[in-house]
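Here are a few exercises to work through with the model open in your viewer. Try each task before you read its solution.

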Amino acid sequence: MYYRKPAEEVIKEFNSSKEGLTLEQVKQNQEAYGSNQLALTKKDGACKIFIKQFQDLLVIILIIAAMISGLSGQWESTVVIVTVIVINAILGTVQTLKAEKSLDSLKKLSIPKAKVVREGTLQEIASSALTVGDIVQIEAGDVVSGDGRIIQCAALQVNESALTGEVESVHKTVDALNKELIVGDQKNMVFSGSLVTNGTGRYVVTAIGMHTEIGKIASMLNQAKERKTPLQKSLDEFSGKLSLVIILVSLVVLGLNLFLAKQSLLDALMIAVALAVAAIPEALSSIVTIVLSVSTQKMVKEHAILKNLNAVESLGCVSVICSDKTGTLTQNKMTPQTIYFYDNRMQIEDLDSQNHDHSVLLKCCLLCNNAVVNEEQRIGDPTELALIDLVQTHTEHDFRFQNTAVRRQELPFDSERKLMSVASLHHIYTKGAPDVIVERCDTILVNGKKEALTSKQIETIKQENKRCAENGLRVLGFAYRSFQKETLTFEEEYHLTFVGLVSLMDPPRIESAEAVKQCKSAGIRPIMITGDHVITARAIAKQIGIYEDGDLSVEGRELEAMSEAELADKLPHISVYARVAPEHKIRIVEAWQKRGDIVAMTGDGVNDAPALKQSDIGVAMGITGTEVSKDAASMILTDDNFSTIVKAIITGRNVYRNIKNAINYLLSGNFAGIVCVFVSSLFLLPTPFYPVHLLFMNLITDSLPAIAIGMEKSHRDVLREKPRKTDESLLNRSTLLQIGFEGMIIALCTMGAYLYGLQSDPARASTMAFATICLARLLHGFNCRSESPLYQAGVFSNRFSVAAFLIGAALLHLVLFVPFLQGMFLIKPLSISQLALVDLFALLVVLIVQLRKSIMYKQR
């Protein structure tokens, strides 16, 4: 609450003075308050992360299976299972090690040097040595180190957009402020990480390190926990259920073989292990990772960098996008919109420096301005920079104008007068709030002549100002008068001649409106969250389609006063949040998440970082974004284009569709294997598959087609679908029925070949079963590419599926025909008629499934 106290009282509170701290006081304060640095949290090391990868229940079952295989002498099975497990663990560790470094980036925001007054002398110190009570001197171009109460200033302006989201610099004052204010309105305070754009000043340090506003954001980043993506939740749920089923079925089969078939414990265990290996989709984790990695690379080409692979899939079920305004939906650049002279509103391009009225206005813009623009740098308030650009555009070749625009003296802007005046060669030029300007004018400039300002003209000027403000524009009034004195005083800012108004705004990005329209058509609710004023925010939101009739706009202080129940009730109707602080953004994100929505949050400033991390998908701007926002985000837009999010959502939805199809493929094939092993055990028949057969299936006939299914092309038709719910299971009733039906067809065809082979001998029966299920599953890869039948999806539209089938079939036939491999895989040579029967049973699977798909497709 230091902004509510007089500067002298704050200095006294910290036992400091305008001459600064003594060296003894510095030492005492550093011991009491610590160093001016942000604390870092300890992260898990690579070894600990690697070990965590083995805590999954399915992985534990596979490890047990590998141990039993080793005890029974099946070392090749043990080696293959362990290899698969280790590869998956390495992939998981690599992804986790790309953990966020938000606090590291926050620490980098600290300026290496700060100018402080100690023992009456100005000296430069490392910013980490800054302590509470220090007197710090700042000027244009400096970045503030440590929060502080201003004790003196001259035309001091500070850009706090990284903290507040407001593009305009804040005019600072020394005076105490008597009411409760948010950070953006504390005009007698400066905050660590802010940029001084104009003037000079001194402040007494009131907070350092983790106690600064940036430090509070760092604390919120620590507290904001990363959330599991919907796919991760679905896979966790799926793994738990599958593990339970596998354990129960394996125990039943173990009992059958021990007590009915009277097999030895080791043989019975080997069959149970074979069943477990057949049931567990070992390649699932790797396939999901590969599909997500390929999609991530594709998105890089579309200007979106995903830091977390799982974030790709999360994009597919985003139902709410909370977007920052400045730099995300807008261009982050103040731009003049209209000019108003007496009763004439005109466009910027119609300005003419040869016209007297226009020339006077341009001189006002140039002289009442402290921004610096040259080839190397642009320093100053964004509004003043915009006015400089306006002048340069229209006077580039007007040398007469340049020669007469000379500054001699200045009366700096202050919040009480709401004016700034500059004396030139023969005139005073004044810039300020339109309502204040017009009150100080007696005359108005009309076509090069000064005429008496009438009440009707005053009303017209006020109406124009109101119209602009209601449309979210910032309006500046300009006036001038003759001046021949040596010294410029405040008394000279009266009896002015009104020149005109200039309206400015941070305009929306051209593509924002179309992106918002696409979001709404996809069932996604776009919401604007900004630190800017509510009128400006609402106007921009209206322009791009976020704010519609009947919607609500809420300021941060109103949000703070709402109970959880009130917010939950109003939440669906609020489209715009203005004047919000970082903690407000987190509350908004959490409120939507409590409703079961998947929330994406876009932003570019330090103030956005906690909400970016709290959201399901944090989206940072790659060009204008701070390092903090980039590190806290899951996705970075390299073109700062809001519409890129829509492309990412299309990719995300297709990724989920493809992964679900791949899982359907894996489970239907594995289900077929379980049925075959279980039925043979139930009827006391020889096992249809040896463990080495099952591993070949899982590594070849599972992996290749499943990866190919994951490569299915993206389709924009997914935008016509509503976002799926977070609690939507991968294995819903229709999916389970499909898996059961397709798995049973594969099992029946496999058992048909197996029973035919049993007429010769068990080894040949096993070979026929193995060949049939492998070939059937390879062909089944075409069935699982899409819900549509093949004649609609196209047999050759996915070249990866064709390649997967050809490679898998080639490897299968090598195993069936090469003598060396026959011995390794326990294969018995098959006759031509037996091979033909294997091919017939495998093709039968495709024909039956495609017939079902065609019937269902026509019924839609």
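Helices (H or I, at least four residues) and strands (E, at least two) are DSSP runs, numbered from the N terminus. Keep in mind that this is a predicted model, where local features need pLDDT of at least 70, side-chain atom pairs count only at pLDDT 80 or more, and totals for chains, interfaces and linings use all residues. Residues are numbered from 1 along each chain as its sequence is written, and side-chain values use heavy atoms, with hydrogens and water left out.

**Exercise 1.** Work out where Gly-327 sits and which residues it touches.

Solution. 
- Step 1: find the element. Gly-327 belongs to helix H13, residues 325-329.
- Step 2: check the burial. Buried means under 20% relative accessible area, exposed over 50%, partly exposed in between (1.4 Å probe, protein chains only). Gly-327 has 0% relative accessibility, so it is buried.
- Step 3: list the contacts (heavy atoms within 4.5 Å). Leaving out residues up to four places away in sequence, Gly-327 touches Asn-332, Asp-506, Arg-509, Asp-604, Met-621 and Thr-624.
- Step 4: take one of these partners. Arg-509 is 182 residues from Gly-327 along the chain, yet their C-alpha atoms are separated by 8.7 Å.

**Exercise 2.** Describe how H28 and H33 pack.

Solution. 
- Step 1: get the geometry. Axes are lines fitted to C-alpha atoms, for helices over the stretch in contact, and angles run from 0 to 180 degrees between N-to-C directions. The axes of H28 (residues 733-758) and H33 (residues 832-859) come within 10 Å and cross at roughly 160°.
- Step 2: classify the angle. Under 35 degrees counts as roughly parallel, over 145 as roughly antiparallel, 65 to 115 as roughly perpendicular and the rest as oblique. H28 and H33 are therefore roughly antiparallel.
- Step 3: name the residues. On the H28 side they include Phe-741, Ile-745 and Cys-749, and on the H33 side Leu-837, Phe-841 and Ile-848.
- Step 4: sort by class. Ala, Val, Leu, Ile, Met, Phe, Trp, Tyr, Cys and Pro count as nonpolar, Asp, Glu, Lys and Arg as charged, and the others, Gly among them, as polar. The contact of H28 with H33 has 12 nonpolar, 3 polar and 3 charged residues.
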